[in-house]
Amino acid sequence: DGLILLGTFFVFMISTALISLLAISAALVNAQDIINTKKVPRRTQSVLNAAPSEPEAMGHKGKGKGSKDYKKFEATIKSRDDDFEDLDGWVKVEKADGKLKINYHIREGPKECDKCKIAIYDGDDCKHIEDPFWDKDDLEKNPWTIGNGAKYITNSKGRAAAFIKIKNSKPIRKHECKLVVLFDKEKDDDDDDDDDHGHKYDDDDDDRRRFLHEKPKGTIGCGVLIPDGKPSDHCD
């Protein structure tokens, strides 16, 4: 009888231990479930890969003018004059030997023009062209003149393709979203009526006010300088 009682006692102890282990296991599982439900969702891989200063990582888009170290720019030229409504082309700008190297390809422009000016201007867009773009602290005179080589030469069909070099003393990255402006020699007085900043004014005040709100005298084409590889609406 004693052996039977002893065996029953051991069976009881083992059963109790198993029940305790099962209870502890169930509690651990429930605790893990609670922890899992409170996990913060993982960030997407694209956000993890983005640098802290990039728009996606900051949660917004950005197109700050002159904010990046861009080296090359291209402008698509469109007409700004009814007499040259089919005018188009492109202009590419980069730095070379301390100067701006300006490659241009123009179609349907003035015919056989060897003194048609090309220049880079400040301005919000091609409907609001402001001052010629150059460093007035470093240079004494406006470099965007025909006499200084800022010109394009067309053939008998009004086409032009070549390059020029101009020193305006501005860092290349500062040309982001500046304006390339084409002039027709017949309408542009070039150096004759320049003020200290290269503006083109007529004699009466009405023409002067109209210029300040529209475009320089003689403008026939214009395009916005977009950084190489950026979309056409980069400067909008």
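**Walking through the model**

Mentor: The protein chain has 4 helices and 10 strands. Keep in mind that this is a predicted model.

Trainee: What pattern does the protein chain follow along the sequence?
Mentor: Reading along the sequence, you get α-α-α-β-β-β-β-β-β-β-β-α-β-β.

Trainee: And how much of the protein chain do buried residues make up?
Mentor: Buried residues are 33% of the 236 residues in the protein chain. On contacts, among those with a separation of 6 or more, 71% are between residues 24 or more positions apart.

Trainee: Okay, cysteines next. How many disulfides does a search of the whole structure find?
Mentor: The search finds 3 disulfides. Counting bonded cysteines along the chain, their pattern is 1-2, 3-5, 4-6.

Trainee: Which residue is joined to Cys113?
Mentor: Cys113 is joined to Cys116, with an S to S distance of 2.0 Å.

Trainee: Is that one right-handed or left-handed, and why?
Mentor: The torsion about the S-S bond of Cys113 and Cys116 is about 110 degrees, so this disulfide is right-handed.

Trainee: Are Cys113 and Cys116 buried or exposed?
Mentor: Cys113 is buried, at 6% relative accessible area, and Cys116 is buried too, at 0%. The cut-off for buried is under 20%.

Trainee: Where do Cys126 and Cys222 lie?
Mentor: Those two are joined by a disulfide, S to S 2.0 Å. Cys126 is in the loop between β4 and β5 (128–132) and Cys222 is in strand β9, so the pair ties together parts that are 96 residues apart in sequence. The link of Cys126 and Cys222 is left-handed, with -80 degrees about the S-S bond, and both cysteines are buried.

Trainee: Which residue does Cys177 pair with?
Mentor: Its partner in the disulfide is Cys235, again with an S to S distance of 2.0 Å. This pair links distant parts of the chain, 58 residues apart: Cys177 sits in the loop between β7 (160–166) and β8 (179–183), and Cys235 in the segment after β10. The link of Cys177 and Cys235 is left-handed, with -85 degrees about the S-S bond. Cys177 and Cys235 are both buried.

Trainee: Changing topic: which residues touch the most other members in the largest nonpolar core?
Mentor: Ile102, Ile118, Ile120, Trp144 and Tyr152 do, in a core of 38 residues. β1, β2 (88–96), β3 (99–107), β4, β7, β8 and β9 each give two or more residues to this core. As background, nonpolar side chains tend to be buried together in soluble globular proteins.

Trainee: What is Trp144 in contact with?
Mentor: Beyond its neighbours within four places in sequence, Trp144 contacts a set of residues including Leu100, Ile102, Ile118, Ile120, Pro132, Phe133, Trp134 and Ile166.

Trainee: Pro132 came up there. Which strand does Pro132 lie in?
Mentor: Pro132 is in strand β5, and it counts as buried at 1% relative accessibility. Its C-alpha is 9.8 Å from that of Val180, a residue 48 places away in sequence. Ile129 is also placed in strand β5, and Ile129 is buried at 1% relative accessible area.

Trainee: How about pockets? How much space lies in the largest pocket?
Mentor: About 360 Å³. The largest pocket is lined by 18 residues, and the closest to its centre are Thr76, Gly223, Val224, Ile226 and Ser232.

Trainee: Which strands supply at least two residues of that lining?
Mentor: β1 (72–79), β4 (116–125), β9 (219–224) and β10 (226–227) each do. By type, the lining divides into 8 nonpolar, 4 polar and 6 charged residues.

Trainee: Great, thanks for the tour!

How values were computed: Residues are numbered from 1 along each chain as its sequence is written. This is a predicted model: local features need pLDDT of at least 70, side-chain atom pairs count only at pLDDT 80 or more; totals for chains, interfaces and linings use all residues. Side-chain values use heavy atoms; hydrogens and water are left out. On a 1 Å grid over the protein atoms alone, a cavity is a set of points where a 1.4 Å probe fits but cannot get out, and a pocket is an open set with protein on both sides within 12 Å along at least five of seven lines; lining residues have an atom within 4 Å of a point. Grid points are joined across faces, edges and corners, and a volume is the space filled by probe spheres set on the points. Ala, Val, Leu, Ile, Met, Phe, Trp, Tyr, Cys and Pro count as nonpolar, Asp, Glu, Lys and Arg as charged, and the others, Gly among them, as polar. A disulfide is a pair of cysteine sulfur atoms within 2.5 Å. Buried means under 20% relative accessible area, exposed over 50%, partly exposed in between (1.4 Å probe, protein chains only). A nonpolar core is a set of buried Ala, Val, Leu, Ile, Met, Phe, Trp, Tyr and Cys residues joined through side-chain atoms within 4.5 Å. Contact means heavy atoms within 4.5 Å.
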